[in-house]
Amino acid sequence: MAKKILTVDDAASIRQMVAFTLKGAGYDVVEAIDGQDGLNKAKSGQFDLVLTDQNMPKMDGLTLIKSLRALPQYSRTPILMLTTESGDDMKAKGRAARATGWLVKPFDPAKLLEVVKKVLG
């Protein structure tokens, strides 16, 4: 059975590129338009991986990660940040929120698949 991945990004073009890349590799992808939408979708189903942007309206990526980590079903789920933020300070905040990994936009589809495959085992 295909692994389910939740992608959360307010930019439609990024969501489409990520979904296209992941679906092409056989993953089942659900898209969310911001952190709040992502949290609602995560609560309504179980995902094997969450891929989130940082800078979004309603709820940013770090807040989403903290909210997901507070839910028992997501305490060990891999959560990757896919963002333009590349500073050490922001990465430290990501680690503190218990993000599994960090990818910087623009992303290389092959690198994205490599990291996704690695964290999903």
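This is a predicted model: local features need pLDDT of at least 70, side-chain atom pairs count only at pLDDT 80 or more; totals for chains, interfaces and linings use all residues.
Residues count from 1 along each chain as its sequence is written, and side-chain values rest on heavy atoms, with hydrogens and water left out. Local features need pLDDT of at least 70 and side-chain atom pairs pLDDT 80 or more, while totals for chains, interfaces and linings use all residues.

View 1. Look for D53 in the loop between β3 (49-52) and α3 (61-69). Helices (H or I, at least four residues) and strands (E, at least two) are DSSP runs, numbered from the N terminus. D53 counts as buried because its relative accessibility is 4%; buried means under 20% relative accessible area, exposed over 50%, and partly exposed in between, with a 1.4 Å probe and protein chains only. Leaving aside residues up to four places away in sequence, D53 touches V8, D9, D10, G61, M81, L82, T83 and K105, where contact means heavy atoms within 4.5 Å.

**View 2. Helix α1 packing with helix α5.** Residues 12-24 form α1 and residues 109-120 form α5; the two pack at about 60°, with their axes 10 Å apart. Axes are lines fitted to C-alpha atoms, for helices over the stretch in contact, and angles run from 0 to 180 degrees between N-to-C directions. The pair is therefore oblique, the class left over once angles under 35 degrees (roughly parallel), over 145 (roughly antiparallel) and 65 to 115 (roughly perpendicular) are set aside. From α1, V18, T21 and L22 meet P109, L112, L113 and V116 of α5. These contact residues divide into six nonpolar, one polar and no charged; Ala, Val, Leu, Ile, Met, Phe, Trp, Tyr, Cys and Pro count as nonpolar, Asp, Glu, Lys and Arg as charged, and the others, Gly among them, as polar.

**View 3. The cis peptide bond between K105 and P106.** Omega is about -5° for this bond. P106 lies in the loop between β5 (101-104) and α5.

**View 4. Positive phi at K58 and R98.** Most residues other than glycine have a negative phi. K58, not a glycine, has a phi of about 70°, and this residue sits in the loop between β3 and α3. K58 is exposed, at 73% relative accessible area. R98, also not a glycine, has a phi of about 75° and belongs to the loop between α4 and β5. With 42% relative accessible area, R98 is partly exposed.
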